Amino acid sequence: MPLLEVTGMGVDFGGLRALSDFEITIEEGELVGLIGPNGAGKTTAFNLLTGVYEPTEGEIKLQGISIGGKKPYYINNLGIARTFQNIRLFKGLSVIENVKTAFHASMSYGLISGIFRLPKFWREEKAIHDEALELLDVFGMADMADANAGNLPYGKQRQLEIARALATHPKLLLLDEPAAGMNPSETQLLMDTIQLIRERFKIAILLIEHDMKLVMGICQRMVVLDYGMVIATGRPEEIKNNPRVIEAYLGE
Amino acid sequence: MKLNIALILVLFGVLTLLMEIGILNNFHRGLLVLVCINVILAVSLNLSAGFLGQLVLGHAAFMAVGAYTSAILSSRLGISGLGGFVFVLLAGGFAAALAGIVIGVPALRLRGDYVAIVTLGFGLIVQSILLNLGITGGADGLLGIPRLANFNVAFFTMVIVVGMLVALVRSRHGRAMIAIREDEIAAEASGVPTTWYKILGFTIAAFFAGIAGGLFAHRMSVLVPETFSFVYSIELLVIVVLGGMGSFTGAVVAAVVLTLLPELLREFGDFRMLTYSVLLVAMMIFRPKGLMGSYEFSIMQIVSKIKKKG
Ligand SMILES: Nc1ncnc2c1ncn2[C@@H]1O[C@H](COP(=O)(O)OP(=O)(O)O)[C@@H](O)[C@H]1O
Ligand SMILES: [Mg+2]
């Protein structure tokens, strides 16, 4: 069974057809690129997959469980985590608190344990504190644990958002233009990190990028969107030479 | 933790001593009970308004539900001892929490400013119910409530409530609530059931407002609906904003100061609201994040700072 299987997914925004007949299949541990010109519907696809919007039609299955139109937190608990194109951190909180918040569902102590500081509270809090530091260390951010998230440089904010998403223990990680606003060397570093986390955490990744060249090197498969429709699917070499893809990108 | 408890006991001891030797008279004693009640109201409102980030305009109405519920119960049941008093206080708290759920569930499921409108409406409805119901004594008020809320009870209830709320916001549940204030969409995407936590925080805040109402009823011995007006709800919100949304320390300090100030400056009388407004405007200009921002007083931190310097 594939990890994610989407068929015929579409959405209308009051008459505007932002996405139609969207199809994608992702196997466990796979790194797939979702590309397309600006306004093609990439972020909309993410919003449908994560429950921010309800699809007008179509089916979304995660490990065989239908998740279309379910609440975002529920979908996250089942194993899909994401980042946002316009970074959404808990800006007023420290770096480590941002990550700890995302461990919410991995903890199980109740309100009473929390308020009266019962042993279960200390045990779980200690465990996630260590795990949060470990996770930050992957991004070389352990020494910034107590810094205010809103004060981090832009690139670090993007990385913190990925760390926070990973803290929810996803099976599938959706990254929405993680390289946006980065210079070429930062971008290269980020692409390496993405490869690394995929191997280390054994997760599948769906990566949005509107610069096609950027993801060619690291993706195993790519899906190309244009005007809310899938115009091509396949291995990077196939995509590169696909006339419809070339046309879509020339038109930009 | 131990140090904090010691500090609280010292404060309690000093106040008790001052009462014993007569430096603080009966009027002061009553005022201190009122301070404790307002502290409970301020910290509980800070949970829903400051930490959860919801604009609650009817906190005094939850207090009213607790006040009337516990007062009616203790009159009907002939409560006189501490055990019975604790029981009716909790009953008042639960009644307020129930009201919190009833209005919180529809209001909080929606994102946006519905909470302000719904809590505002709730405050008006509660007042008009209290005015028109037989059991509440209508406009004449509810009389002859036993005076069970002495300084000791009020003080320790306050300490327990503040302690519980501080512990709550520093748990995974509190973290979830703060995340909602910071960014609701990101919180939900991080696996936090935001609707559930909004309702939970809102209900807990209502519960403690109900407890405060019970103390108030059994302090005043008389309840009239006008007490729990929109103006009181706003005064409480002012305390929270002045203290710093999301700082319990700030809420406590602001509640103490703003309860004592008008009493100590009686001659100002009608200028109270004016002073409030001026204070508020001044704060917005000079300390837009409130007195404390989100800073929390911690004796341990201060001790370790001094040690470092030494
Ligand atoms: N909530 C919404 N309401 C109305 N239109 C929307 C909404 N979200 C996205 N759209 C529209 O859907 C189209 C696709 O947008 P988007 O998915 O953000 O594109 P991309 O991420 O590929 O750049 C755009 O025309 C956009 O204006
Ligand atoms: Mg986009």
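Modeller: Let us begin with one pair of residues in this predicted model: within β2(A), A:I24 is the bridge partner of A:V6, and A:I26 in the same way is the bridge partner of A:L4.

Biologist: What makes β1 of chain A and β2(A) a pair of strands?

Modeller: Pairing requires at least two bridges between the strands. Strand β1 (residues 4-13) of chain A is joined to β2(A) by seven bridges, with the two running antiparallel, so by the cut-off of at least two bridges they pair. The hairpin that these strands form has two residues between them, and there A:G14 takes a positive phi near 50°.

Biologist: Why are β2 and β5 of chain A said to stand at the edges?

Modeller: The open sheet has four strands in the order β2-β1-β4-β5 (chain A), with antiparallel pairing. Because β2 and β5 (65-66) each have a single partner strand, one side of each is left without a neighbour in the sheet.

Biologist: What makes a residue part of the shell around ligand 1, and which residues are they?

Modeller: The test is a C-beta atom within 6 Å of the molecule. The residues that surround ligand 1 include A:F13, A:L16 and A:A18, as well as A:G36, A:N38, A:K42, A:T43 and A:T44. Both β2 (16-26) and α1 (42-49) of chain A supply at least two residues of this shell, and α1(A) has the largest share, with three residues. By class, the shell around ligand 1 has four nonpolar, six polar and one charged residues, a count in which Gly is taken as polar.

Biologist: How many residues of chain B are in contact with chain A, and what does "in contact" require?

Modeller: Contact requires C-beta atoms within 7 Å, and 21 residues of chain B are in contact with 26 residues of chain A. On chain B, α6 (151-169), α7 (172-182) and α8 (184-189) each supply at least two residues of the side that touches chain A, while α7(B) gives the most, seven residues. That side of chain B has eleven nonpolar, five polar and five charged residues.

Biologist: What share of chain B is called buried, and on what grounds?

Modeller: A residue is called buried if 20 or more other C-beta atoms lie within 10 Å of its own, and buried residues make up 48% of the 310 residues in chain B. As to its elements, chain B has 13 helices and zero strands.

Biologist: Which residues touch the most other members of the largest nonpolar core?

Modeller: Of the 170 residues in that core, B:I40 and B:A42 touch the most other members, and helix α9 (residues 194-220) of chain B gives the most to the core, with 15 residues. Leaving out residues up to four places away in sequence, B:A42 touches several others, among them B:L236, B:I239, B:V240 and B:A251.

Methods
Residues numbered from 1 in each chain as written. Chains lettered and ligands numbered in written order. Predicted model: local features only at pLDDT ≥ 70, side-chain atom pairs only at ≥ 80, totals over all residues. Contact = placed C-beta atoms within 7 Å. Core = buried A, V, L, I, M, F, W, Y, C linked by C-beta atoms within 7 Å. Buried ≥ 20, exposed ≤ 12 C-beta atoms within 10 Å, placed from the backbone.
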